[in-house]
Amino acid sequence: MFRLLNLIPFNSPLVLVFRNMRARWGRTALTLLGIIVGVAAMVAVQATNQSTLAAISSFFDEASGKSDLLVETAVSNETFPPDTINQIRRFPEVQTIAPGVIGVTIPADEAAQWTEQISIGGTAVPGTNFWLLGRDPTADADVHGYSASAGRLLTANEDGYNILLVADYAADKGLEVGEDLAILTPSQGIVSLRIVGLIPEDGLGITNNGIMGIATIATVQKLFDMGDGLGSLELVVDPAIANNSSALETLRGQIAERLGRDFAVKYPASRGETVAGTFSTYQQGLNFFSVVSLFVGSFLIYNTFAMTIVERTREIGMYRAIGMTRRQVIFLVLAEAISLGVIGSLIGAGAGLLMARSLTQTVSGFSGQAIDQVTTTPQTLLQALSAGILVTILAAAMPALQAARISPIQALRVQGSSDEGRWRQTGLRFGPLTVLASLLIMYRVPLDSDVIFYVGSNAIFAMLLGATLCIPLITGPLERLIRPFILLIFGNEGRLGSSNIQRSQGRTTLTVAALMVGISMVIGIQGMTLSFETDMMEWVNTALGGDLFVQSPLNMRPDVEARLLALEGITAVTRSRYVPSRIFPPYDEDEFSAFVAIDPETYLDVRSMRIQEGPPAEEVMRQLAAGDTIWIGVDIANRFNLHVGDEVVLETRRGRRPFRIVAIVLDFGGGETTTVTGSWGDLRRYFGVTDVSVYAVRLAEGASLEEVTAVIENDLGRSQSLTVESKAEFEQKVRQLSAQAFSLFDVLGLIGLTVGGLGVINTMLMNVLERMRELGGLRSLGMTRRQIRRMILAEAATMGFIGGLFGVAFGTVLADVFLIGLRAIGGYVLTLQTPYAAMAVSFGISFVLAIGAALYPAWRAGQVNIIEAIKHE
Amino acid sequence: MSVLEANKVTKQYQMGEVSVDALDNVSFAVEKGDFVAVMGPSGSGKSTLLHLLGGLDEPTAGDITLANRPISKLSDDEVTIVRRRKVGFIFQFFNLVPTLTAAENVALPLLIDGQNIKKYEPKIGQLLETVGLSDRADHKPDQLSGGQQQRVAIARAFVNDPEIVLADEPTGNLDSKSGTAVLELLRQFCDEKEQTIVMVTHDPRAASYANQVVFLKDGHVIQNLTIGQRSGDEEDIRAIMRVMRELEL
């Protein structure tokens, strides 16, 4: 008896599906790749984003121990009087109150090499400084419960400057229990602390990536001149309330009300949300590009399905003739799509998680947040799987309908056929209109910032789709235009190859479109990066000004300014100081912001500013000096819809104060952290601060940068622990940071290009297979194998050329639209820098990629056997 | 009793602005057990007639009744079901599915009809034996010769016990030896199983296996010739050729 089985039981039409997939394994693999790459990009980006957020929130969860609520001053990093504890004790629900203070410093032996590391969030990278935590050993036992892995823990009656160190950090520094760690202090110079115990790097020990020590509160208060001020109170609440979110919220409200406006009563995890919020614009951008990858993938899927249908016209015609209904034919195609969608999406999800491992490392690098593991939610995976399957089904839907339209009479004909003409018709009808409509939406319709990401993204997709439909309209004229160039490279065979692209319009269109989207992604991303970098560098050169920046791990005394000015080779010095605050914009919710104080007297001697709205710089300084005024960055102005003359309220140590906006300037100082700039007078008045974060120094003409640096660091700086960074070094740091941050986008651009390349392989192979008879004919007429190969390569090159041209054109639009999006979502106002270099390189890539992808098909074409080919049906 | 009846069937094609009559008012009946050959020069309308008779295409005017069903009045799905259960097709280019084995290709119409293939295994085996390919059941089409492929196609056409089998130039793509084997098989099905067959051909020798030859010219049936029952009979071939000469076909 014969064997009917062949892996899959022959009892369902599905067998036809699976056998076809296996028989056309190359095509199946290409389709799968299209799905895998798209889904992988989606999963990778989402998992990376989630892992970042999870790492941030788990960090804060772990570091907050068993505490249920956290009390800080409304202006974070400030201290408050210890009698606040008594006010909270009145709440019987609060079982434990763990007070804490933090002194930020660095070990004395690192002072010489220290420079500030900033993240794209605009905050210092954890681990750059050493944090000395002042803790109450008794309360900590209830809240954090850390134990000593060596030595002992601190006691309630600790005598002397004793500390606990994190074991790993101590090992890195080569320190053991009983030895001393010397740190810098603001007023007592270098102070040695005796290590009495080591704790593991978990729980409270992960604070500042483990670069921390624990001392008593009194020790930290004394070393950092804090008086008896406290920095935070961690509260452990009665479990009955802690486990009931509404009861806990009520208690939180009651405590907040009792403490008043100068305090913030938070959930410990909310600190994580604040940090996470600084990455939101960036993450939205990544999400967008990951969806674009799936979009490009859908072109490849459509193309492979459409080709398979054309190739199988006679087979499907026969199915119809022997009794398969149209519905059954649609089922056959869609069953294949669903199978491929499921398999591809599953593999894609796995690949995405693998990709996320390396992406999280990159994010970890520039965000300063250690991300140990890739985490994602079942929803994300489910979403990506559904998206993958849905896109595959949608991409296969048209070929499925095309297949169902195949007449059974086709089975009796010799060759399959396709309705290529409709591409031109559809293009003519919808292409230019879709492009125009999407451009209008992007440029002319004012949109609310909540919906702009979704509407904008869809408008971009519509534009790319419209551009795709326009391709068959201009392929002809464009081909004729570039033919001389192709002739120049490929000789006479180039003429044949080049004109061939007008034959399979649908196929050509989608291949060119895939290249176009890939290239436009790259150019869009490059345009955005370049615009960002250019404006950022302009800011570095104007607002930052100066030739040198003098910093210290501890804030510097104001008298350093006079001492710097006294040095030879220095003509001007200006100081600035960052203090944390909160901004209360008139129309939006309040949020964390940094108040940057500058000295209006000296600012313009060293620095300058690019004013977008407001009076000239001198007048701005005059108004700033008058007090109760600020200038803001154009990103904040946009985000909160603020103008010159508006008032915003800032949280200060003296309560909430209104400040009038005197100018709106180009400002990248805070990264994604909101910053406002005010005067030194206001800093003293409202924040009670007099020390300095940074001195910007202008050198005299001809003064040597190295000499001045050496003098500051060695003579002036030794006692003050000053470090000097040149503008060039700072620029380098900013460039590196921005390159790192944008590298993830580049990865997604690369994915788009890869899919484009796969599309070319697919199309050219199909063209070769379909034209076997013709190729045989050409060979029989005396065309050499080499000439055949050149002809095929010329066809691919023409596609690459057109794809590149379209990509460059729409990529430039994309870059501009991204800037609009950045303005709407993040508030950044950037001037579009046309990325000429990227345009030229991308165009070249498109051309070379297309030729490279066609090498194998061309080789196959060259191998054609004349006799076999002319017999080919 | 007629298995198939075409009544005043007309088929017009639109060629640009010109309308061309591929078939003009053709009436035609096939009785059960008949083996009818349709002959005529290129463009005479014989393929069009076969398409219409098999429900692959719709007539512009006239009625076609196949197994008592007025197929020209049925919906696409209904005609498809009639084709699936009542008609067998044999194509010039065999049209086997390259990914299926010979046995699976034979079973294809049953698969499309949602039948339990297991139940039909003996029948499929028997059909393969009839066409002389029992030992090739597990072979894929590319492992079979043209003649063998066409014999698989014949087994496929008869697997669902159709009321009628329509064959379009079944020997057109075969050498004469394989062609003869195929024609003998068709004759055998006709004689032994009383199967009704309509075959389009331009080859007088192939037509001589039928017992009735219908001549078409310019969309009209111009002659109906009844011949003897002996397959490939030289006299029948001569008679067919004589008619062809007379009709200038």
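This is a predicted model: local features need pLDDT of at least 70, side-chain atom pairs count only at pLDDT 80 or more; totals for chains, interfaces and linings use all residues.

1. Two packed helices are described by the angle between their axes and the distance between the axes. In chain B, the axes of helix H3 (residues 102-112) and helix H5 (residues 146-158) come within 7 Å and cross at roughly 30 degrees. Angles under 35 degrees count as roughly parallel, and H3(B) and H5(B) are therefore roughly parallel to each other. The crossing in which H3(B) passes H5(B) is right-handed.

2. As for the residues that form this helix contact, H3(B) contributes Ala102(B), Asn105(B), Val106(B), Leu108(B) and Pro109(B), which meet Val152(B), Ala155(B) and Arg156(B) of H5(B). By class, the residues of the contact of H3(B) with H5(B) comprise six nonpolar, one polar and one charged.

3. The contact between the chains draws 26 residues from chain A and 33 residues from chain B. On the side of chain A that touches chain B, the elements giving two or more residues are helix H1 (14-23), helix H11 (313-321) and helix H12 (326-367) of chain A, and of these H11(A) gives the most, with five residues. That side of chain A divides into 15 nonpolar, six polar and five charged residues.

4. Finally, the domain assignment of chain A gives domain 1 (93-235) and domain 2 (542-730), and the C-alpha centres of these two domains of chain A lie 29 Å apart.

Note on methods:
Residues are numbered from 1 along each chain as its sequence is written. Chains are lettered from A and ligands numbered from 1 in the order in which they are written. Axes are lines fitted to C-alpha atoms, for helices over the stretch in contact, and angles run from 0 to 180 degrees between N-to-C directions. Helices (H or I, at least four residues) and strands (E, at least two) are DSSP runs, numbered from the N terminus. Angles under 35 degrees count as roughly parallel, over 145 as roughly antiparallel, 65 to 115 as roughly perpendicular and the rest as oblique. A crossing is left-handed if the near helix is turned anticlockwise from the far one by less than a right angle, and right-handed if clockwise. Two residues are in contact if their C-beta atoms, placed from the backbone, lie within 7 Å. Ala, Val, Leu, Ile, Met, Phe, Trp, Tyr, Cys and Pro count as nonpolar, Asp, Glu, Lys and Arg as charged, and the others, Gly among them, as polar. Domain bounds come from an automatic or database domain assignment.
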